[in-house]
Amino acid sequence: MNKKVISALLAASMMTTMLAGCASGGSDNAAATDASTTAATEAAADTESTDAAPADSTGKTVGISMPTKSLERWNRDGSYLQKQFEDKGYKVELTYSDNKSAQQNNDIEGLIADNVDLLVVAAIDGEALSQVLDEAKDAGIPVISYDRLIMNTDAISYYVSFDNYTVGQLQGQFVADQLDLENQDGPFNIEFTAGDPADNNAGFFFNGAVDVLQPYIDAGKLVVPSGQTKFDQVATAQWDTATAMKRFQNILGSYYSDGTQLDVALCSNDSTALGVTQAIESDYAGSNQVLITGQDGDEANLKNIVDGKQTMTVYKAVANEAVVTLDLATAMLNGETPDATLIDKSGWDFDCSYDTTSYDNGTGIIPSYLLVPTVVTKDNLDDALVTPGYYTKDSDGYLHPVG
Ligand code: BGC
């Protein structure tokens, strides 16, 4: 594993203890993630720096606006980003906005008022930041759209994310492979659960999965007993676990209480998969193991994978997403106009592509750095997550994130 990523991972776990003190944003800030003391100890010994260290970072401040601490991954994103930037001599202002769009607007306004030199923003509602980001533009503050594309503003210069469509394709292909849909007629019953309509990623995930599975639906090999196949019918506001659970309980009560077997619950991410798993545990009459997909590698979901309750997750190494963001921001602040060459110059030891066709935010294509997601199942948990240093494993076989 890249030493600078290890450094980010280990040291980020230290940062989690400091998050509450660094962030602003009301109730959302109360819930800092647990630190790994082992990793924190090791972190102190690791002082490797990135290749693209700027000469003039000292004194510059980066404003980081994260959506919420209530969805696990953003805690990791915030601490990795903070650690990466601080290690290079930047000051960091990190805010979490409690999944409230109005609060995120206020938090970003505060960062602008504090004269940050660059903004990194993961939007709660991708459509709701145009005005405040116009203010950033007027103040000459460049903006990186982090993980979620911010729509309808030309104030953002770059987008850093994973290949979101591929995430969905991996989920769909996993289902096709597990059920051997090329050779089996089924029919197998499937239900879909997608993400937050306010999150531009959610459609990419859903479309990626559906594009793989639609031919099997058309062929009658896959059947959707609820008939809910459109994004708007299966979306989950704010990716909320309880919302996903309630909708799925209704589906089970309405379409499966007569003994109909549910074979697959295609869930776009882990927070929704958690709710669907809870609904299946409480309200499903069948005794078969339902194939359940997810995304992120949230701790509770990895436990469910170990326990055989969730079948897979798509893991996205957000520690690497933070590394890309740092090197991109550094180049921007050094007055460069980053392009595909940033990838070679930075010497990352993980895959990343430079995409200038896929992400149009309504004002034109936003140049994007896209990292590569990985399928994780019970069979490759160690190789994919523990060996690279992203998670530790306890004596019961459960995984805990580092950072
Ligand atoms: C992220 C996912 C995450 C979801 C909910 C999406 O924008 O890309 O990784 O599961 O938000 O937090």
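Where does proline 187 lie? I looked this up first: proline 187 is in the loop between helix H6 (164-178) and strand E7 (188-193). Helices (H or I, at least four residues) and strands (E, at least two) are DSSP runs, numbered from the N terminus. The peptide bond from glycine 186 to proline 187 is cis, with omega near -5°.

A note on what I am working with. This is a predicted model, where local features need pLDDT of at least 70 and side-chain atom pairs count only at pLDDT 80 or more, while totals for chains, interfaces and linings use all residues. Residues are numbered from 1 along each chain as its sequence is written, and side-chain values use heavy atoms, with hydrogens and water left out.

**Backbone, continued.** I checked aspartate 147 next. Its phi is near 65°, a positive value in a residue other than glycine. Aspartate 147 belongs to the loop between strand E5 (143-146) and strand E6 (156-162). For context, most residues other than glycine have a negative phi, and most peptide bonds are trans.

**Ligand.** Aspartate 147 turned up again here. I find 13 residues around the ligand, and the closest are Asp147, Arg148, Asp199, Asn269 and Asp296; to be near, a residue needs one of its heavy atoms within 4 Å. By class, that shell has six charged, four nonpolar and three polar residues. Here Ala, Val, Leu, Ile, Met, Phe, Trp, Tyr, Cys and Pro count as nonpolar, Asp, Glu, Lys and Arg as charged, and the others, Gly among them, as polar.

I then went through polar contacts (a pair of N or O atoms within 3.5 Å). A polar side-chain atom of arginine 148 is 2.7 Å from a ligand oxygen. For asparagine 269, the distance from a polar side-chain atom to an oxygen atom of the ligand is 2.8 Å. Asparagine 201 has a side-chain N or O atom 3.1 Å from a ligand oxygen. The protein covers 100% of the 310 Å² of accessible area that the ligand has on its own (Shrake-Rupley method, 1.4 Å probe).

Helix H3 (72-87) and helix H7 (200-218) are the elements that give two or more residues to the shell around the ligand.

**Sheet.** I traced four strands forming an open sheet, in the order E8-E7-E9-E10, with parallel pairing; strands pair if DSSP finds at least two bridges between them. Strand E8 (222-223) and strand E10 (291-292) are the edges, each pairing on one side only. I counted two bridges joining strand E9 (residues 264-267) to E10. Alanine 265 has isoleucine 292 in E10 as its bridge partner.

Conventions:
Polar contact = N/O pair within 3.5 Å; in protein donor to acceptor, adjacent residues only side chain to side chain.
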